[in-house]
Amino acid sequence: MTVDSAAPTPAVAARAQCPYCGVGCGLELKPPAPDSEEPLWSARGDRHHPSSLGQVCVKGATVGETLHHNRLTTPLWRESTDQPFAPISWERAFTILVDRIRATLATRGPSALAIYGSGQFLSEDYYAANKLLKGALGSNNFDANSRLCMSSAVSGYARSLGSDGPPCCYDDLDQADLVLLIGTNTAECHPVLFQRLLKRKRKLKEALQLVVVDPRATATSDAADLHLAIRPGTDLALLHGLGNLLLRDGGVDQAFVAAYTEGFEELAALWSDWPPARVAALCGIPEADLQRLAELWRRSPAVLSLWSMGVNQSVEGSATVSGIVNLHLVSGQIGRPGTGPFSLTGQPNAMGGREAGGLAQLLPGYRSVADPLHRREVEHYWDFAPGSIAPDPGLDVWQQVEAMERGELDLWWVAATNPLVSLPWLDRVRAAVARCPLVVLSEAYAGTETAAVAHLLLPAAQWSEKSGVMTNSERRVTLCPAFREPPGEARADWAIFAELGRRLGFADQFCWASAAEVYDELVALTADRICDMSGLSHGLLAAHGPQQWPFPLGTAAGGGQARLYGAEGSPFPGAPAGHRFPTPSGRARLQADLPLGLAEPPCNRFPLVLTVGRYLGHWHTMTRTIHVARVRRSHPEPLLEIHPADAKRCNLDDGCLARVSSRRGELSVKVQITDRIRPGTVFLPMHWGAAQEQACEANRLMHALGCPVSKQPELKAAAVQVERAEIAG
């Protein structure tokens, strides 16, 4: 559901990007009336924002209702998690942090320090945290919850195209003839983009074809011309089958392949092993549907592919992303209006985090910690001694959990996220975290599941209370100004990291007086990189509105590049015109990956596949949305979706209580019997953690196996058993 902002514009106090999903809608914010009993800001779509054009979903429209509820206002401390928290001063909080960090560096070294950040960070927060940990302290153990949503897209783009960075833009939604939505329930998870597609579909009818690949029937598939309800874990096989048919029926752009790609012979040989009959049988779909998809792709002048968590959260996530890119490269469907492989970012600033170096293998400006030249460039720019940045990738978040299990982390600092709901295998996570001597949580809201395992709570200013930028899925950067005062003693995350850096002896490196200064430093470090933002500043964004990168120094407002890798211009500095890619050869790399299937396939003991996802109105672990009455009424409780045939075998009635168990744990939940989910598959929402009244910790059941390239956990599939709770033994 989206809301159209066609009514007269009220007095606008601020314009900002919505702090929920990666669509990055523009919002206009209006302050509460002076005589209002509650300090509720109102929000509406910003018609001037080029990404959303005034549209906004229910979450964005009600965000003003969430900003003041249940806030942390002062630092809290306890020696042990079996004790209650007590208020302390910021001075005491920094003393605790400095003492722990210095003791750890002296006795165990920087590898015993780790930070787990968030796509809810502003870019300035990301940058300050990475500079502190990777530069000042010498530990690359900075990871973020983007590991759980976007890391397969990052690695898939990089291995195929030579760099991270979506090559498409939202205008391509208005120009594509065929849109393939694979592993994305766009209607609920990116609703404003879906409504844009839907409006165009209603106008053009059969001139725009929508194909949805998803084991569930959803609001997204309801609008599709073709819905392929494949078995979970068969996405890559489906793509190979599509490639087989393109190869067989003349769907390969031989001139494009010869001029701009490498590896075609190996890919063609792999595709030849995946004929349509084999693929259809494996995927559990009619062969005619696969044939129809191939015909649509082959005949469409402009093909756009959209994907999200259903692709990324898989042991073959990076391979599947490359499988999507393969199809676009082989058919020449990239770099032109309406074409390309387009990952839909899960979080509001996961893209900004990637630009700032916000994963354990990254440095700012799409650099790699493993590259000696990249390390030297960043060390010099940061004014740290050569060798300050460790040469190996740091611990990703699951490796951080494993390190705590082994007693190898002295400090785990979580900021702006709630991993005790969002990580897989939650019982194991809780046990591991209990072994860490100091768990720090920077958080805006009180009472989260992660707060229950923390020793030190730091009250964080959130979006609306601090200034900074976010980058959305189409590489568009929006300034989000502070338009409210933070409650109590809450501070901006970047300011917390900077103050700690100064107290640790790095006054010159952390001498920023404002978020604008932090951003100036970040964008200068992106000069001559793919994600060049060196022409951006808080001042330019405030004066001229959101801008799309690449935006090199000297670019006029509105002059950013809409698409990467097009024939009309250079996709990166120094490259000639044409479809050139940032690889050593200048060619895109076709990837021939064998399908792996599910990491944990069903068996006699656990015969069903559990997949998890989101509801339209709620966001992640509900720290914001739980306070919105309208959303609570729309999604009052978690429900287990199960097909009638499976429900009959499990002795379940609609509305009864079921016990769902995996190799890692169990939970009880109300049943919803529906034929809108594929037999053999069940669905749970991921929002309701242990702190909620109707707790339903879906991720307690999920395993931690992940993509070997991206290290992203397969949060979309685990083998489970379902039985009636009342008669279970």
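Which side chains meet in a salt bridge with Glu 465, and at what N to O distance? The side chain of Arg 484 meets that of Glu 465, at 2.6 Å from N to O. A salt bridge here is a side-chain nitrogen of Lys or Arg within 4 Å of a carboxyl oxygen of Asp or Glu. The pair links distant parts of the chain, 19 residues apart. Arg 484 lies in the loop between E22 and H20, and Glu 465 in the loop between strand E20 (456–459) and E21. Both Arg 484 and Glu 465 are buried. Buried means under 20% relative accessible area, exposed means over 50%, and partly exposed lies in between (1.4 Å probe, protein chains only).

The model is predicted: local features need pLDDT of at least 70, side-chain atom pairs count only at pLDDT 80 or more, and totals for chains, interfaces and linings use all residues. Residues are numbered from 1 along each chain as its sequence is written, and side-chain values use heavy atoms, with hydrogens and water left out. Helices (H or I, at least four residues) and strands (E, at least two) are DSSP runs, numbered from the N terminus.

The salt bridges number 36. One of them joins Arg 428 and Glu 405, at 2.6 Å from N to O. Arg 428 lies in helix H19 (residues 426–433) and Glu 405 in helix H17 (residues 397–405), so the pair ties together parts that are 23 residues apart in sequence. Arg 428 is partly exposed, with a relative accessible area of 23%. Glu 405 is also partly exposed, at 27%. Another salt bridge joins Arg 248 and Asp 249, at 2.9 Å from N to O. Asp 249 is partly exposed, at 31% relative accessible area.

Strand pairing was examined next. Two strands pair if DSSP finds at least two bridges between them. Strands of a sheet pair through backbone hydrogen bonds, either parallel or antiparallel. Three strands form an open sheet in the order E21-E22-E23, with antiparallel pairing. Its edge strands are E21 (468–471) and E23 (547–548), each of which pairs on one side only. Strand E22 (residues 476–480) pairs with E23 over two bridges. Arg 476 has Gln 548 in E23 as its bridge partner.

Strand E28 (residues 666–673) has pairings of both senses. With strand E26 (residues 639–642), E28 runs parallel, joined by four bridges. Here Glu 641 stands opposite Gln 672. With strand E27 (residues 657–661), E28 runs antiparallel, joined by five bridges. E27 and E28 form a hairpin with four residues between them. Within this pairing, Ser 661 is the bridge partner of Glu 666, and Arg 659 that of Ser 668. E27 also pairs with strand E30 (residues 718–724), in the antiparallel sense, over four bridges. There, Arg 659 has Glu 723 as its bridge partner. Four of the five residues of E27 are buried, so this strand is largely enclosed by the rest of the structure.

Helix H20 (residues 493–503) is mostly covered. Eight of its eleven residues are buried, among them Trp 494, Ile 496, Phe 497 and Leu 500. Just after H20, Gly 505 takes a positive phi of about 105 degrees.
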